[in-house]
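Morning, everyone. Let's go through one model and its charged pairs. Here it is on the screen.

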Amino acid sequence: MLDSHETAGPAGTSGTAFGLMPAEPRQGGYGPRTDRAWSRAPYRHPAAGWGAAASVGRVVLEQREPIAGPLAMLQMNHPVSGYDCPGCAWPDDPGTLKLDICENGIKHVTWEMTRKRVDRRFFADHSVTELATWTDFDLEDQGRLTEPMSYDAATDHYVPISWDDAFALVGDELQRLDSPDEASFYTSGRLSNEATFLYQLMVREYGTNNLPDCSNMCHEASGRALKASIATGKGTVDMHDWDACDALFVLGVNAASNAPRMLTALSDAVKRGAQVVHVNPLVEAGATRTIVPHDFVDMARFTATPTSTMNLQVRPGGDLALIRGMSKVVFEAAADDPSVLDSEFLATLTNGVDEYRALVDATTWADLVLQSGLTEEQIRAAAAVYLASERTIISWCLGVSQHEHGVDTVREIVNLLLLRGNIGRRGAGPSPIRGHSNVQGNRTCGIDHHPTDAWLDRLADVCRIDPPRHPGLDTVRTIEAMHDERVKVFVGMGGNFVLAAPDTPFTAQGLEKCRLTVQVSTKLNRSHLVHGEKALILPCLGRTERDQQAQGPQGVTVEDAMSMVHLSRGRKQPASAYLRSEPAIIGGIAKATLPHTATPWDWYIGDYDNIRDVMAKVLPGFEGFNDLIRDRHGFRIPQPARDRVFETASGRAEFSLAPLPDVIPESSETLVLQTVRSHDQWNTTIYSNDDRYRGVKNLRELVFLHEDDMRDRGLVEGDLVDIVSTSKDGSTRMLRAFRAVPYDLPRGSAAGYMPEMNVLVGRKDFSVQSDQPLMKSIQVTVSRSAP
C-alpha cells in the first residue's frame, strides 16, 4: 500500500499540496507532463567544445548579460584580483593566468548576475499559493531577490520587512525556545570560510551543535572513511599530483556536468600517456573525449582529446567488489614478485595488511564478478593498469558515497592504495571530488554536528564562549525532529533545502510545522514557499558582487576540493542596495539573539581580516591566515597524512576488513535506481529541461532503463511508467507518468533526475555507516502506467 508520499502526474494532487509538483507547469521546470514535445538521440560528440560555447551564449542572452557576462569570465578563478566560481569545488589552474572557466561555471555566474529582479511589487502581485504552482525553473528565473521579506499569513503574501525588524524576529523566536536544541542551522556549500566560522560561532554561543550541512547528503561517507583509515577527512593530493600520476581511476563521477574543468586534467593526463580508467554504471560523455573550450587551437580545428583509456560499467554499488578484485590480483602478483607490494611502507606505517590479505584470499571470484557486475577479465584489466603504474590516484564522487556501504567502499579504495605505497608521495593518493564550491571549507571551519573536543576547546579558549559538548542533529535527523516538532526554528544559510533533501513531502511537512523558517538566498526557490508559521527571506550578496563594509571592500576565502584556500573578491555592483553580505546577516542575527554577548560582531563585520585573525588562532594550519591568502595562489592547508604521518590511535594507516556487501536485489523484478543531475542543471537549479550529453531535449520526468529490462516489462521508448520504491521501513512511494527512456547502463539498474526523484527516498533510507540518504541505491519497480 502506498503511503502519503505519492507524486502524481497531471491529474495528481498529493505532491501539489506541498507546492512540490505543479499539476500544470507554466514552462521549464519539473512537474510531470505527458503532453510536452520531447526528443532523445544518442550524443556522439565530444564533451564541452562548441556545444558548451553555444549553451553559454544562450544563457548569457537569456539573462540579459551580453557584456557583463563575458567580462566576468575574465575575472573568474583568477588569483587575488578575481572571484572564485560559485559553482563546483574543482581547484583553480595552478601557476597560470589562462582562462580557467567552464560551461556550468559561466551559467552559474550569469544566472547570478541576471538583470531580472524579484522585488516587493513581485511579491505583492503573486501569493505564495500561486507561486507554489510555478515550476522551479520559473521561480529562479524571475531574478535576484532585492530586500528582506516576511510571510504574512493573513494575505498569503511575502511583504517587506526592515533588516532590523527581521533580525529582531529571529532573535525573539530563538529566545522563546525552551532549549537551543529546538533550532537547527543548515549550511549549503556556497558559504565562505569567514561566514562559516561566524555562523558556527553564533550557533555554538547560542548553545547547540545542530549544524546540518549539504555534506551530510553528499560526502559524509568519504570523510568518515578517510578519518578511520588515515586520520584526515580529506583527500591527500593536489593538482600537481594529478599532473604527475601514471594512472588515474575515476569512480562514480560525471565530470562533464559535475566538475567540467576536470575535463582539462583528464585530457592532459591521456595526452602525456597516463592511463585513465572511468568506473560508472553510465558511460558519460566526459568519460570519452573532449574539446577544452579555452584551448583555442583545438576549438578552431575541432580536435577532440580522449578523456579515458578504459571504461568499466559496474552495477550500482559494485565499486567495492571491483576494488577488492583488483587487490586480489595485486596479491596474486606479489606471490611471484614480492616487490609488487611496498613492503617497507606496509611494515612500518600500516596496520592490518595480513588480515586484509586473508580476507581478500577468502573472497571468491564468483562473488566479485556477481557483485561488481563486471567480468573477471575486466577486473584483471583494471588491476593490470594499477600494477603497471608507479604513481596512482583514485578519485571518486557521489556514485561511491551515496550507498549503504559507502564508508566501506572508500576504505577499500584506501586499502588498494596502501598496498603499493600510493599515498603520501608525489602523484599518488585518494582524491574525493567535492561538489559545491566551499563545501569542504564549511567543514574545515566548524560546520560539524558532532565536533571534536579539541575543536571545542580551541573555540572556547580563543573566542571566550562555552560551546555545548553534546552532539547535534545532522540533516536526516533535523528533518525528523522538525516533523516531530522537536525542532521549531529552521535557518537555511543558502541552498534549496526542501528539494535537496530526501523524502520531499516529509521534509516539506517538517518545515511547515516550524514556528519560523529563515532562508538566506540570492534567488527565489521552492524552500521559500514551503515555510513555517512565520517565514523570512533574507537576500544576500552573490560571489561576483562588491562587498563594502565599514573598513572598505572585503574579500572572502574558499577551500577547494584539494585543500587549497584562496581569496575571492567580487567587483560587480550589487543587485540591490538592500543586499547584505553573509557575515553581516549572521552578525545581525547573533546580536538580536544574544543580547549579552561579548563577541565583537561589529568588529568582525567591519573588516574580515579580523575574522581571519581569530580563525588563525582556532584552525590548525591557518596560522598567519591573512598573510597566506595574499599570496597570489593562496595556500594549501597542511595535512599530516600527505607527509605519511597518520594520526590514528595506532599511529599507522589502518586497513579496513569490511565484508563484501550484497548489492543484488532479492527480486528479479526490482531495479536499483540512482538519482543524477542533468547537464543543464546545478544542484537543484535547473537551467532548462535539456540534458545535452544524454541526448534528451525538453524532458525531465523520465527513467533511464536498459533495453532488455524495458523489453522484459513490455515497454518501448516513451511509454509512460509508474515507479514505486520500497523503503527500509516497508513503506512505498510512487512517481506516476514518467517516460521510459532506453540507455546504456547495466541490466537491473535505472537512473533518473534529482530533485524529481528524491521523493522515492524514504525517511529511513539512509546509510547506517554515514547517515547519508541512499540517493544512488533506491530499490524500485517500474511498470506501465494505467490508461
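**Salt bridges across the chain**

Start with aspartate 771: buried, at a relative accessible area of 13%. Buried means under 20% relative accessible area, exposed over 50%, partly exposed in between, with a 1.4 Å probe and protein chains only.

This is a predicted model: local features need pLDDT of at least 70, side-chain atom pairs count only at pLDDT 80 or more, and totals for chains, interfaces and linings use all residues. Residues are numbered from 1 along each chain as its sequence is written, and side-chain values use heavy atoms, with hydrogens and water left out.

Who meets aspartate 771? Arginine 224 does, in a salt bridge of 3.5 Å, N to O. A salt bridge here is a side-chain nitrogen of Lys or Arg within 4 Å of a carboxyl oxygen of Asp or Glu. Arginine 224 is partly exposed, at 28% relative accessibility. The structure holds 44 salt bridges.

Next pair. Lysine 234 and glutamate 559 meet at 2.8 Å, N to O, in a salt bridge. Lysine 234 is buried at 15% relative accessibility. Glutamate 559 is buried too, at 1%.

Third pair. Aspartate 503 bridges to arginine 733, with the closest N and O atoms 3.0 Å apart. Aspartate 503 and arginine 733 are both buried. Now the network: salt bridges with shared partners join Asp213, Glu220, Arg224, Arg443, Asp474, Arg477 and Asp771.

Why can such pairs form? Side chains of opposite charge can pair when their charged atoms come close. That's my part done.
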